[in-house]
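I opened a new page for this chain.

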Amino acid sequence: MNELMNPLILRAADAPAIKPAVELGTPLLLTIAALGIIVLLVMIIRFKIQAFVALLTVSIMVAIAAQIPLKDVFTVVANGVGSTMGKVALLIALGAILGRMIEVSGGVQSLAAHFTDKLGAKRVAVALTAVGFLVAIPVFFEVGVIVLVPIVYAFAKIANVHPVKFGLPMAGIMLAIHVAVPPHPGIVAGAGVFGADIGLITLISLIICVPLGFLSYWVASIMNRKEYELLPGVKAQVDEFGSDTLADVSGGSALRTQTIAPPRPGLIIFLIAAPIVQILIGTVGTLTIPKDNSWYGLAAFIGNPFFALPVAVALSFFLLAVRRNWSLKETGEVFEGALPPIASILMVVAAGGVFGEVLRTSGIGAALSQTLDHLGLPVIALGFVISLALRAAQGSATVAIVTTTGLLTSAVMEGGYTPAQIAVIVIAIGFGALGLSHVTDAGFWTVVRYYGLTVSDGLRTWTVLTTILGLAGFALTFVAWIIVGGLSV
């Protein structure tokens, strides 16, 4: 009854097809799209308008300019929100909760102590890069950097070096994981827009990120041959950092944290790996088992991220909260504390879904798809370039990914690509959002502020490192594109 009363909550299957009142030509549609992107960037960069508000506003403006009937504009908005959030909201929220549990329990520090113990004092940068790789899977980039800052400061004080020596390679691989590996919001949102397989994306992106970890360490080690100015505020924090939290690292002993009874590193690795392994088992099963076999349904169920992540959160509850004697109230506060930071991200993802729906309904997406066909440009390369340009212009990796996927939805959906090819396209767009991190990016300021770099040194190091990693990530993704293309022939 309510659905009949309120057209904004009509189910997509029941709603009549919405079409522009007037069919506009391809040049005009592409001009409207280009102007929409320009207005979006001006709102975000010049007027500092929140990305969610800017995306939503531009979506409505584009819808009106493209002659979508006024009575249908907000039905398109509702459809865009529903189709996108229904696919990604739970994954992003559950991933944030899992990361928060590991962070609050002291698991990050436990991993750092374990790896530095095993690799020794001379390989601290290598150890922290490995820690960054693991921690970045469930923990948001900025949070991971901030949580690991005390460890970076501690070793910087002992070795009497700039914090960037240990922090730069670690932060580089953490950002690569953040833009390319689920359950992080940008890549999950991109997968949702294209209907891509999360398991395939996880498998391919993790394989690509392993060599990127080595590359991050190698490039950073070259950069760190130069001496950088250490800002006085951070120098004071490093100098005053309590020596009581450290053992004698020069003798190869481990870093000790102030966390009371931190969880064992093996447990944290298990909690990080559990949902990944579960998703990958399901993915391999659905690729190898015939669809008419009863085991296919079981593999699809087990490997579904909507099942794997709740299982991981449940495991973290019993293995971290219960075993550490957290009360239900304390655990509930940890769970709730994970959600406010992702609220703005979820709104950006929702607005990105609206933008994509407007482009599809207006015919702009189809016009762009036809133009690309005529130009002969591969969609994977175009996705990377558009995402890189948007990332450089407005800073947010999530906005860059959701905007790019919105623009290319029709091209991908109508291109006859296999599930593996679609997954690779999403990853390429993700790596586009890795490069050119500079003053428009909140992550740039996190690195500069906590590692004590000047803005100019941040541009010379962090911006260059992220761009190299982004280009290398795309090169490896293009290799994957060739491989999956060959397998599909």
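**Loops.** I began at Pro-183, which sits in the loop between α8 (164–180) and α9 (185–194). I looked up the peptide bond from Pro-182 to Pro-183 and found it cis. Its omega is near 10°. I keep in mind that this is a predicted model.

Next I went to Gln-67. This residue lies in the loop between α3 (51–65) and α4.

**Helix α4.** I followed the chain into α4, which covers residues 70–105. How far apart are its end C-alpha atoms? I read 51 Å. The helix has 36 residues, and at 1.5 Å a residue they should span 52 Å, so the two values agree. I then checked the course of the axis. α4 bends by about 45° at Met-85. Just after α4 comes Gly-106, with a positive phi of about 90°.

**A helix pair.** I turned to α2 (residues 26–46) and α18 (residues 379–394). I reminded myself that two packed helices are described by the angle between their axes and the distance between the axes. Here the angle is about 30° and the axes are 9 Å apart. Angles under 35 degrees count as roughly parallel, so I wrote down α2 as roughly parallel to α18.

Which residues meet? From α2 I listed Ile-37, Leu-41, Ile-44 and Ile-45. From α18 I listed Leu-390, Ala-393 and Gln-394. I sorted the residues of this contact by kind: six are nonpolar, one is polar and none is charged. I also noted a rule for reading such lists: an α-helix has 3.6 residues a turn, so residues three or four places apart point the same way.

**The whole chain.** Last, I stepped back. How many helices and strands are there in the chain? I found 22 helices and zero strands. The radius of gyration is 23 Å, close to the 23 Å that the globule rule gives for 489 residues, so the chain is as compact as a globular protein of that length. Along the principal axes, the C-alpha atoms fill a box of roughly 75 × 55 × 45 Å.

Conventions: Residues are numbered from 1 along each chain as its sequence is written. This is a predicted model: local features need pLDDT of at least 70, side-chain atom pairs count only at pLDDT 80 or more; totals for chains, interfaces and linings use all residues. Side-chain values use heavy atoms; hydrogens and water are left out. Helices (H or I, at least four residues) and strands (E, at least two) are DSSP runs, numbered from the N terminus. The expected span of a helix is 1.5 Å times one less than its number of residues. The bend at a residue is the angle between axes fitted to the seven residues ending there and the seven starting there. Axes are lines fitted to C-alpha atoms, for helices over the stretch in contact, and angles run from 0 to 180 degrees between N-to-C directions. Angles under 35 degrees count as roughly parallel, over 145 as roughly antiparallel, 65 to 115 as roughly perpendicular and the rest as oblique. Contact means heavy atoms within 4.5 Å. Ala, Val, Leu, Ile, Met, Phe, Trp, Tyr, Cys and Pro count as nonpolar, Asp, Glu, Lys and Arg as charged, and the others, Gly among them, as polar. The radius of gyration is taken over C-alpha atoms; the globule rule is 2.2 Å times the number of residues to the power 0.38.
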